[in-house]
Amino acid sequence: MKLRLESFGELRLIDLAGQPVAFPEKGLLAICYLLDRNLQNGVGSEYPRSALARFLWDSHDNPDIMANLRKTISRIQARQTELGTELLIFTATGVRIKPDAFVCDLFELAKPDGGGALENLRRLVAVLRQDFLAVLADQSVSTRQWIAGQRDRHMAILVDALKTALPTSRSREDISLIKEAALRIFRDAPDDENIRRILLEAYESEGQLENARRLFEASRHGLEGALDIGLDVQAMREVRKVFAGSQSPSSVMEPLSDGGSRVARPLPRLVLLPPGGMDAAGALPMLCGPLIEDVTIGLCALNTVSVVAPHTAARIAGHADKAELILRHSISYVLDTRLTDHALFVQLIHASGDEVIWAERFNLEKYDLISHRRDIARRIARELAGQVHRHETMRHSFEGNSAAYHSYLLGLRDVKRLSLPDIRRSRKAFREALQHSAHFAPALSGLSRTFVVEWLLTARGDRELLGLAEDYANRAIVADPSLAAGFRELGVAKLYLGDIDESLLALKLAEELSPHYADGIASYADTLVHASRPADALIKIDRAISLNPLSPTDYLWTAAGANFALGHYAEALEQISAMDDRTPADRLSAACWAMLGDMKNARLYMRKVREIYPDFDVDKWLSVVPFKEQWQKEQYREALRRAGF
């Protein structure tokens with residue numbers, strides 16, 4: 001009786017009638033393992049019993065594994081006698097399979113490509129719909145490692161088959177097959193750049209970016225959804241371009257035009273600057289030096305970043321021109337540290353863009369620094385490693401395209417200035433970056449921000465600007481669902497579109513993705529102001545300011561708005577006075593002075609607003625600015641009316 005062994009999904013034997021046949025699971029696992037060895041090595045030689053026992057039970061020193069093997073062999077032989085067939089042949093010292101006694105789905109992986117590339121792909125997709133050995137009752141460490149290796153190999157076979165079949169696909173049926181193969185790979189490797197780009201290009205050519213966003217978002221949360229993801233012929237042309245230009249991201253050597261290779265790019269360099277005032281009296285300054293050294297030593301174990309030695313770091317920290325030394329020593333990242341009252345403030349800066357990537361304040365009052373120093377060091381080192389890795393992944397999107405990266409940095413600089421000329425310069429720079437790299441998520445999210453800021457500054461209630469902001473935020477999320485900035489910009493756009501609950505959800509996701517992303521937390525605070533939760537907003541904006549103490553203008557604007565809603569008008573004016581450019585908050589200044597009864601100052605700021613926006617209308621403005629509860633809108637209306645608007 002010839003049986004069929006199924007190994008993808010549930011491991012089982014099937015008879016000619018399609019009914020399951022009982023057989024010891026360890027025996028079926030041994031068949032799969034030995035069959036794989038035969039398929040890889042092309043031989044049917046005998047395998048030692050002791051090696052098989054170690055594979056199945058994972059113990060080199062435990063004599064019980066041979067007893068376990070003898071019991072399993074006895075059960076297998078008894079069952080084979082009942083079935084009247086022999087799948088495994090045992091000798092005194094070894095074991096081998098009898099491959100002509102059964103058929104197996106694993107044979108499909110080894111078949112020659114006789115029917116053409118598309119038929120080969122169709123066969124593989126049918127076999128690989130389920131994971132290899134997806135359900136096993138008992139697994140050793142060796143077994144788990146082997147299964148994981150097999151699954152990786154199977155996906156590599158499927159990727160190669162997909163690449164081979166792609167140029168020959170023409171009909172809608174062929175395209176459906178390509179789609180199914182790409183999604184099967186995406187299920188196991190949602191971060192695979194080639195596969196993500198295939199799906200992204202296809203969706204964009206169809207005008208179905210929302211479906212792509214849902215798919216990628218579902219994968220980020222570990223969900224599986226039944227989505228309509230059909231591809232058309234035009235999409236396949238875009239997909240072929242992607243594969244034609246693809247390059248393995250794991251390559252250690254970079255090819256040269258003459259056919260040779262060069263050593264891959266050097267690791268980014270990180271310097272940890274010890275805080276100033278280390279010679280001050282007290283235990284805290286004395287212990288902070290060793291703390292930073294502990295962090296440095298911990299990072300030295302990584303192979304993803306090169307860490308500058310503590311001695312050199314101390315010399316840089318004490319130098320009058322730190323920037324010059326950082327440039328001279330080709331340092332990519334700087335961890336700047338400062339001691340405040342019973343707290344250590346750390347800030348990770350990307351040196352070339354002067355961009356704050358991550359910041360945190362460690363309240364050292366909560367710790368016995370002598371006994372907890374290493375715990376704090378491990379926490380800082382873990383965060384640093386993750387932040388540098390994420391930033392390097394983003395930066396590598398522009399490898400070999402310095403013009404695009406330069407444009408992005410210019411846009412990043414200008415978008416922080418709240419004036420229309422700067423915002424429009426920033427938009428132009430982000431668009432130039434996207435001309436070189438159409439799916440670069442940070443530039444897409446930056447473009448989204450320019451439309452929101454223009455909407456705020458012009459105060460005309462132009463929903464077209466908000467629609468563009470929402471569209472580019474969604475594009476940023478599709479391009480990179482792990483980037484918090486896309487969710488931040490989506491949350492801001494949704495806020496001014498009046499979807500306050502959706503705004504809060506998007507900004508909560510941004511905070512979950514990047515708990516130390518000060519700009520995202522500041523936007524969350526702003527939405528809480530509009531959600532009529534000003535007290536919660538103040539807590540959030542204080543957190544953002546603690547992460548970014550030299551705060552940009554919009555942080556202070558948000559803090560002022562929260563204080564205004566709480567009736568703290570003097571505190572709101574104090575926040576506005578700290579802004580580098582107070583012009584964007586002139587309306588709020590007028591409202592605060594009016595509520596304090598100082599009509600002279602209220603009229604002064606009212607006239608300033610009129611000079612820039614002569615057609616400003618209170619009712620029109622309040623009709624488009626979202627507030628969840630009516631009391632907040634009426635408070636603002638009354639204040640502006642008192643000010644003379």
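1. The buried residues of helix 21 are Ala518, Gly520, Ile521, Ala522, Ser523, Tyr524, Ala525, Asp526, Thr527, Leu528, Val529 and His530. Buried here means under 20% relative accessible area, exposed means over 50%, and partly exposed lies in between (1.4 Å probe, protein chains only). The helix is thus mostly covered, with 12 of its 13 residues buried.

2. This is a predicted model, in which local features need pLDDT of at least 70 and side-chain atom pairs count only at pLDDT 80 or more, while totals for chains, interfaces and linings use all residues. Residues are numbered from 1 along each chain as its sequence is written, and side-chain values use heavy atoms, with hydrogens and water left out.

3. Just after helix 21, Ser532 takes a positive phi of about 60°.

4. The chain has 28 helices and 14 strands. Helices (H or I, at least four residues) and strands (E, at least two) are DSSP runs, numbered from the N terminus. Buried residues make up 50% of the 645 residues in the chain.

5. Of the contacts in the chain with a separation of 6 or more, 61% join residues 24 or more positions apart. Contact means heavy atoms within 4.5 Å.

6. In the largest nonpolar core, which has 91 residues, Tyr496, Ile541, Phe564, Leu588, Tyr636 and Phe645 touch the most other members. Helix 17 (residues 441-458) gives the most to this core, with 10 residues. Apart from this core lies another, of 61 residues, among them Val21, Tyr33, Ile73 and Leu133. A nonpolar core is a set of buried Ala, Val, Leu, Ile, Met, Phe, Trp, Tyr and Cys residues joined through side-chain atoms within 4.5 Å.

7. Leaving aside neighbours within four places in sequence, Ile541 is in contact with Ala522, Ala525, Tyr555, Thr558 and Ala559. Ala522 and Ala525 are among the buried residues of helix 21.

8. Glu489 lies in helix 19 (residues 484-496). Glu489 counts as buried because its relative accessible area is 3%. Not counting residues up to four places away in sequence, Glu489 touches Ser445, Ser448, Arg449 and Ala473.

9. Arg54 is in helix 2 (residues 49-57) and, at 31% relative accessibility, counts as partly exposed.
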